[in-house]
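Here is a friendly briefing to keep beside the viewer. Have the sequence and the model open as you go through the points.

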Amino acid sequence: MSYTITSECIACDRCRVGCPTNAISFDNGVLLIDSTACNHCHGYYGTPQCAAVCPTNTGCLPSESYGFVASNRSQTDYADYWESWFNRYHTLLKRLKTRQSQLYWKGWFDAYSKEMVSLLSQSTIRI
């Protein structure tokens, strides 16, 4: 089983550059993984580099988990995959919407701005 470039790929080219077996290539502006050359970076790294360097975290996925290999999988397996995918998506979305960290940074910025104004008013140099 090799890795597959998904629709989440932004074509940043990090995976191609990081691949030690040169299994990734550009073809008409699209990144492709040669399944005969991909060996999950065994003998080079402890983790597949295409997945490790991907800024989207989902641009490179194992083919089997993405549903391209292992034709003996049942429809239930695919349904379970998508159910877990959407559960994860909704969990992350909820966490993002309920974050209160913006208040921390707003307070920090306000305090920093006041301090800068104070320092500049005491200084003879004006900006």
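In this predicted model, 18% of the protein's 127 residues count as buried. Five helices and four strands make up its secondary structure, and from the N terminus on they follow the order β-α-β-β-α-β-α-α-α. Of the contacts between residues at least 6 apart in sequence, 54% join residues at least 24 apart.

- In soluble globular proteins, nonpolar side chains tend to be buried together.
- Here the largest nonpolar core has eleven residues: Tyr3, Ile5, Cys15, Cys19, Ala23, Ile24, Leu31, Ile33, Cys38, Cys50 and Cys60.

**Cavities**

- Rolling a probe the size of a water molecule over the atoms shows where empty space is left.
- How many cavities of 30 Å³ or more does a search of the whole structure find? The search finds two.
- The largest cavity has a volume of about 90 Å³. It is lined by 15 residues, and the closest of them to the cavity centre are Cys19, Ile24, Cys38, Cys41 and Cys50.
- By class, that lining has eleven nonpolar residues, four polar ones and no charged ones.
- The second largest cavity holds about 70 Å³ of space. Among the residues lining this second cavity are Ile5, Cys15, Leu31, Cys50 and Cys60, which also belong to the largest nonpolar core.
- Other residues in the lining of the second largest cavity include Cys9, Ile10, Cys12, Asp13, Cys54, Pro55 and Gly59. The class count for this lining is ten nonpolar, one polar and one charged.

**Gln49 in helix H2**

- Gln49 sits in helix H2, which covers residues 49-53.
- Is Gln49 buried or exposed? Gln49 counts as buried because its relative accessibility is 14%, under the 20% cut-off.
- A polar atom of the Gln49 side chain lies 3.0 Å from the backbone oxygen of Thr47.
- Beyond its neighbours within four places in sequence, Gln49 is in contact with Gly18 and Cys41. Cys41 is also one of the residues closest to the centre of the largest cavity.

**Leu61 in strand E4**

- Leu61 belongs to strand E4, residues 60-62.
- With a relative accessibility of 18%, Leu61 counts as buried.
- Leu61 and Ser2 are 59 residues apart along the chain, and their C-alpha atoms are separated by 8.7 Å.

**Two asparagines with positive phi**

- Most residues other than glycine have a negative phi.
- Asn22 has a positive phi, near 55°, and is not a glycine. Look for Asn22 in the loop between helix H1 (14-18) and strand E2 (24-27).
- Why does Asn22 count as exposed? Asn22 is exposed because its relative accessible area is 64%, over the 50% cut-off.
- Asn28 is not a glycine either, and its phi is positive at about 55°. Asn28 lies in the loop between E2 and E3.
- The relative accessible area of Asn28 is 77%, so Asn28 is exposed.

Definitions and conventions
Residues numbered from 1 in each chain as written. Predicted model: local features only at pLDDT ≥ 70, side-chain atom pairs only at ≥ 80, totals over all residues. Heavy atoms only, no water. Core = buried A, V, L, I, M, F, W, Y, C linked by side-chain atoms within 4.5 Å. Buried < 20%, exposed > 50% of the residue type's maximum accessible area, 1.4 Å probe, protein only. Polar contact = N/O pair within 3.5 Å; in protein donor to acceptor, adjacent residues only side chain to side chain. Contact = heavy atoms within 4.5 Å. 1 Å grid on protein atoms, 1.4 Å probe; cavity = no way out; pocket = protein on both sides within 12 Å on 5 of 7 lines; lining within 4 Å. Points joined across faces, edges and corners; volume = space filled by probe spheres on them. Nonpolar A, V, L, I, M, F, W, Y, C, P; charged D, E, K, R; others polar.
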